[in-house]
Amino acid sequence: MKQSNDLYEVFLRSIRGVDHRHVGSLHADTAEQALTYARDVYTRRSEGVSIWVVKSTDITASQEQDMDSFYDPMDDKPYRHASFYVLPDEIDNM
Amino acid sequence: MNKITNSALYSYLLGMADDALILGQRTSEWCSRGPFLEEDIALSNVALDYIGRARMFYQYAAEVEGLGRTEDDLAYFRDERDFSNLLINELPNFDFAFSIVRQYFLDVHACLYLAQLTSSTDQRLSAVACKAIKESRYHLKRSQTWVLQLGQGSDESQRRMQSAIDELWGYTPELFIMTESETALLAQGIAVNREDLLQDWTKSVMADMKNSNLQIPDQQWKVIGGREGEHSEHLGHLLSQMQILQRSYPGLTW
């Protein structure tokens, strides 16, 4: 067996109707094996009803050096926030 | 329940409890020694499933016996000759391949066995089987994946898997032998007919071996005697390690 196997990212859905959330990562040789390890490592205390595993190398992530071009342009566009409306008192959970 | 059924049920339960405890204890030896962290955790989980299974059988056995003994008395204060586990469970782990092949043979068997036990006329046994079969289906998924992976892996992994199969093969016939107690309980729909499972077990195993570049050996040797308390030299060592604390400090708790 090769010494270091692939890294997989693990996503769990905690209850039905809720999104899968990233909970961590683990090593495995195949996606199937990653799924069984995820079951043992991340759902031992009944934390989940559904598991996704994704090879870490299959994730394309934004880069630190792109911060300026990615996020700064949004700073001066406050009109994108729904903060210019006066909400009726009845709606108190927005 | 009449006396005969009672004593048959007790020895039946004890046999299944001992199978589960000894395999659980053996598998727990992998804890902190697994080939990598994830597999270490998974192996320990399997070991715990078996110890949990042993507890359910021991608790029931102790009640059936009716002498006031507890599950702990049965696990910690019986000697080697009183243990009735099948021999395959007590063999040392040797290497990872050996542990995986053993687990695989037993998982295929457990899935077939427990499926039948779910319709036992004994409701308590049926409930235990319903719980345990879910675990065993998962164990099988794991061990089957490993058999495929290591069988088709490197020359070294294939060689180790094949030698584990050759070594373990003679211990598998014992899985399909009925004891007197089992035969008596079978007539009442309580126990499972082990002999009926052989064909399906062999079929599953042959299919997986074929896909894994592994062979079932030709030799016809077999070792039996576990149910009668005739064990290999390995069980005593396992028991001494498992029992020493309770025997040195009886009744000690966490």
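**Core, sheet and contacts**

Q: In this predicted model, which residues touch the most other members of the largest nonpolar core?
A: The model is predicted, and its largest nonpolar core holds 74 residues. Those that touch the most other members are B:L13, B:A17, B:F57 and B:A61.

Q: Which element gives the largest share of this core?
A: The core in question is the one with 74 residues. Its largest share is 13 residues, and they come from α4(B).

Q: Which residues is B:A17 in contact with, leaving aside its neighbours within four places in sequence?
A: B:A17 is one of the core residues that touch the most other members, along with B:F57 and B:A61. Skip the neighbours within four places in sequence, and its contacts are B:A54, B:F57, B:Y58, B:A61 and B:L74.

Q: How many helices and how many strands does chain B have?
A: Read chain B from the N terminus on and the elements go α-α-α-α-α-α-α-α-α. The count for its secondary structure is 9 helices and 0 strands.

Q: What is the radius of gyration of chain B, next to that of a compact globule?
A: The C-alpha atoms of chain B fill a box of roughly 55 × 45 × 30 Å along the principal axes, and buried residues make up 40% of its 254 residues. A compact globule with 254 residues would come out near 18 Å, so chain B agrees with that rule, at 18 Å.

Q: Among contacts in chain B between residues at least 6 apart in sequence, what percentage join residues at least 24 apart?
A: Take the contacts in chain B between residues at least 6 apart in sequence. The share that joins residues at least 24 apart is 74%.

Q: What is the strand order of the open sheet in chain A?
A: Strand β1 (residues 6–13) is joined to β3(A) by 6 bridges, and the two run antiparallel; in that pair A:V10 stands opposite A:V53. β2 (21–28) and β3 each pair on one side only, so they are the edge strands. With antiparallel pairing throughout its 3 strands, the sheet has the order β2-β1-β3.

Q: At what angle does α1(A) run to β2(A)?
A: In the sheet itself, the twist averages 30 degrees from one strand to the next. α1(A) lies across β1, β2 and β3 of chain A, and its angle to β2(A) is about 120 degrees.

Q: How do the residues on the side of chain B that touches chain A divide into nonpolar, polar and charged?
A: The contact involves 11 residues of chain B and 11 residues of chain A. On chain B's side, α2 (37–65) and α5 (123–151) each supply at least two residues. That side divides into 3 nonpolar, 5 polar and 3 charged.

Q: Is A:S46, with its positive phi, buried or exposed?
A: Most residues other than glycine have a negative phi. A:S46 is not a glycine, yet its phi is about 55 degrees, and its place is the loop between α1 (31–42) and β3 (50–55) of chain A. There are 7 other C-beta atoms within 10 Å, and the cut-off for this class is 12 or fewer, so A:S46 is exposed.

Q: How exposed is B:F94, which also has a positive phi?
A: Phi of B:F94 is near 50 degrees, and the residue lies in the loop between α3 (71–76) and α4 (96–117) of chain B. With 15 other C-beta atoms within 10 Å, B:F94 is partly exposed.

Methods
Residues numbered from 1 in each chain as written. Chains lettered and ligands numbered in written order. Predicted model: local features only at pLDDT ≥ 70, side-chain atom pairs only at ≥ 80, totals over all residues. Helix = DSSP H or I, 4+ residues; strand = E, 2+ residues; numbered from the N terminus. Buried ≥ 20, exposed ≤ 12 C-beta atoms within 10 Å, placed from the backbone. Contact = placed C-beta atoms within 7 Å. Nonpolar A, V, L, I, M, F, W, Y, C, P; charged D, E, K, R; others polar. Core = buried A, V, L, I, M, F, W, Y, C linked by C-beta atoms within 7 Å. Axes fitted to C-alpha atoms, helices over the stretch in contact; angles between N-to-C directions. Rg over C-alpha atoms; globule rule 2.2 N^0.38 Å.
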